[in-house]
Amino acid sequence: MFASRWLRDSALVLLISAGTVMPSLGQVRRPVGAPPPAPPPAAPLGAKVGETLMGPRTKRMVISEDGNHMAIVTAKGSRQVVLIDGVEGPVFDEIPETYVWTSWPGSPGPVVLSPTGGHSAYVGRRAGDFIAVVDGKEAVTLSTPATQQGIGYSDPKGWNFYFNHDGSHLAYAAIAGPASWVMVLDGVKGTPYHAFDLTQIALNGKHLIYVAQVTFDMKWHAVVDGKAGPGYDTISGLKVTSDGTHYAFLATRRGTGPGAAGATGGLAVIDGVEGPVYPMGVSDLEQAPDGRVSYMAMKPQTSPGGNPPHLIVGTLDIPNTTTFGVTIRNASRFSPQYHVAWSPDGKRFACVQTNTPNPGITVLVNGKPMGLTYDNANELVWSPDGSRFAYQARSKTGTFLVLDGQELAGYNWIKEFQFSPSGKRYAFYAANSTGIWMNVDGKEQPKALGITTDALRFSPVGDHIAYGAQSTVITYQPIVDGVAKPYNLGNFASKNQTNPQTLLPVFFYSPDGNHLAYVAGKADGSGKVSVWVDDVANPGPLPSYFNPAWSPDSRHFAAIVSNGSGQGWTIMIDGKLSQPYEDFILLNEASSGFADAHTFRFYATKGTDVYRVTLDIGG
């Protein structure tokens, strides 16, 4: 089990204040000219080591989403092959980096591993034939020089191999002839079509849904499990639930008569059922986890003062709505805009309605007002269990958190509001004229100079909480369950060879929520910067710690550490060090981590070769 849900969280930012740059977090300050502390003797891990050769290190490598499988594109004489978990596949003239304008130079190309399940697919070229190789065997000829005649640049936009999550099903498109395409599902070719819109395809669960253009009418059809639906002039915004049982899209259809009868009309199609036709168009389709949808529809103007679109949710028609922003935590501070905030079960939704012709807005839940009227509202969020709802509202006197319809105390600004996983607790930090405060369950914690960005975290159960509070101009303290720890807080870093790099949590709770790890140095500057696990220091050779991981039973904690320049890299588990390797290969979040409660798995290099390494630490 990998704590991958935590790996999208952010490390701390550098603080620049009064012309002083904060030292890299995870390091302590020492007097100018003083030598760094000497690395301590390595405590051996004593694990049983297993090594499996994956192949040579190349620029074209792929690791599966679960981290259990690896593909390497490499040379074989003057030809090329793909190694899947070290096993060589068929020899080709080329394993192309691009196929029908997919991928990009320098990438692994169309080499795909299923998220789980251990299946693989890639493209090989032999002379002018391009061949799909599935699970190491040649499966289907994707195209030949003859069939590629007449294929336009835009025809195969979005081409790829599409696995469902467990790898039990695979779909991809093949060129059947001039201006003719077929979808291949589990090795079986489907009905030929003039073209595909492969930007609209989903293989979720056991259901395959895609958009195809039929030759006889040149209309676009949604093909659901091999059956084509009605034709439309356009299909856009295809949405499919994660299990594939519900789908929706927007479509346009042009009439054949003069005037209004010949005008283009827009409609939403939900699970194959057409909704009302809106002559002025539809847009902005959004889907709930249970398959319910919302969209915006334009209606003819019936009163003066503008003609806003209407929000359509089921049988509800809500005019004068406006979008709201939701900050993506631990990202680039980008705030996407939505029309609807769905509860996790999809049974309730919230939106923001302008008070036209009066100023201000009102937040609605299932079409009914919740809370007072305000100048604007943003950050609409449901608790993970769907029982509670909160948003931030702005008035002339400040910003207010509105929780379950009740207005709480106002601040100049509010940041990083979050519910605990159970939904029973909440926290955020905010500022008013007296300072900056962390607010936990409605209670202001001791004032701080600042709060560590993106560090606020509840434990998985929600009974524990941790955050970083700025105690001096350049230092932050860990605050755990309201107790300030006597350390200068640091951060975990990412060694992933990805762009952008994976951003990690500052506080790293175990799966059961009973243990906590974070990087810090003693406030008095003594000792080494260490990983503190339940207030016990685990110092590494150098004061930097990468890609942390808990075992699924919460008994063991691991991190990657450097042994110093030219000395290689090591796994530190429970404060003990494994044997070193020259380098680690980290292509995604699961490239290193616990495969089970007693086995740590990662990919490492020896010379020019890559190995999958397992460390069996026993019970």
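## A tour from ring to ring

Select Lys-606 and Tyr-611: the lysine lies over the face of the tyrosine, at 5.6 Å from the ring centre. A charge counts as over a ring if NZ of Lys or CZ of Arg is within 6 Å of the ring centre and within 35 degrees of the ring normal.

Some ground rules come next. This is a predicted model, in which local features need pLDDT of at least 70 and side-chain atom pairs count only at pLDDT 80 or more, while totals for chains, interfaces and linings use all residues. Residues are numbered from 1 along each chain as its sequence is written, and side-chain values use heavy atoms, with hydrogens and water left out.

**Stop 1: the whole chain**

Helices (H or I, at least four residues) and strands (E, at least two) are DSSP runs, numbered from the N terminus. The chain has 619 residues, and 49% of them count as buried. Buried means under 20% relative accessible area, exposed means over 50%, and partly exposed is in between (1.4 Å probe, protein chains only).

The accessible surface comes to about 27,400 Å², and 55% of it belongs to carbon and sulfur atoms. Such areas come from the Shrake-Rupley method with a 1.4 Å probe; for residues, only the protein chains shown count as cover.

**Stop 2: a lysine over a tryptophan**

Select Lys-495. Its place is in the loop between strand 47 (487–489) and strand 48 (508–509). Is Lys-495 buried or exposed? At 11% relative accessibility, Lys-495 counts as buried.

**Stop 3: aromatic pairs**

Show the rings of Phe, Tyr and Trp. Rings (for Trp, the six-membered one) pair if their centres lie within 6.5 Å; planes under 30 degrees apart count as stacked, over 60 as edge-to-face and the rest as tilted. How many aromatic pairs does this rule give? The count comes to 33.

Zoom in on Tyr-99 and Trp-159. This pair is edge-to-face, with 4.8 Å centre to centre and 75 degrees between the planes. Tyr-99 lies in the loop between strand 7 (87–88) and strand 8 (111–113), and Trp-159 in the loop between strand 11 (137–143) and strand 12 (162–163), so the pair ties together parts that are 60 residues apart in sequence. Tyr-99 is buried, with a relative accessible area of 1%. Trp-159 is buried too, with a relative accessible area of 1%.

Now jump to Tyr-581 and Phe-584. Their pair is tilted: 6.5 Å centre to centre, 50 degrees between the planes. Both residues are buried.

**Stop 4**

Keep Trp-159 and select Phe-196. Their C-alpha atoms are separated by 9.3 Å, while the residues are 37 apart along the chain. Phe-196 is found in strand 16. At 4% relative accessibility, Phe-196 counts as buried.

Select strand 16 (residues 195–204) with strand 17. Seven bridges join them, and they run antiparallel. Two strands pair if DSSP finds at least two bridges between them. Leu-203 stands opposite Leu-208 in strand 17. The two strands form a hairpin with two residues between them, and Gly-205 in the turn has a positive phi of about 60 degrees.

Next, color strand 17 (residues 207–213). Six of its seven residues are buried, so the strand is largely enclosed by the rest of the structure.

Tyr-210 stands opposite Val-223 in strand 18. This hairpin has six residues between the strands, and Met-218 takes a positive phi near 55 degrees.

**Stop 5**

Strand 14 (residues 180–185) and strand 15 pair over two bridges. Which residue is the bridge partner of Leu-185? Val-188, in strand 15.
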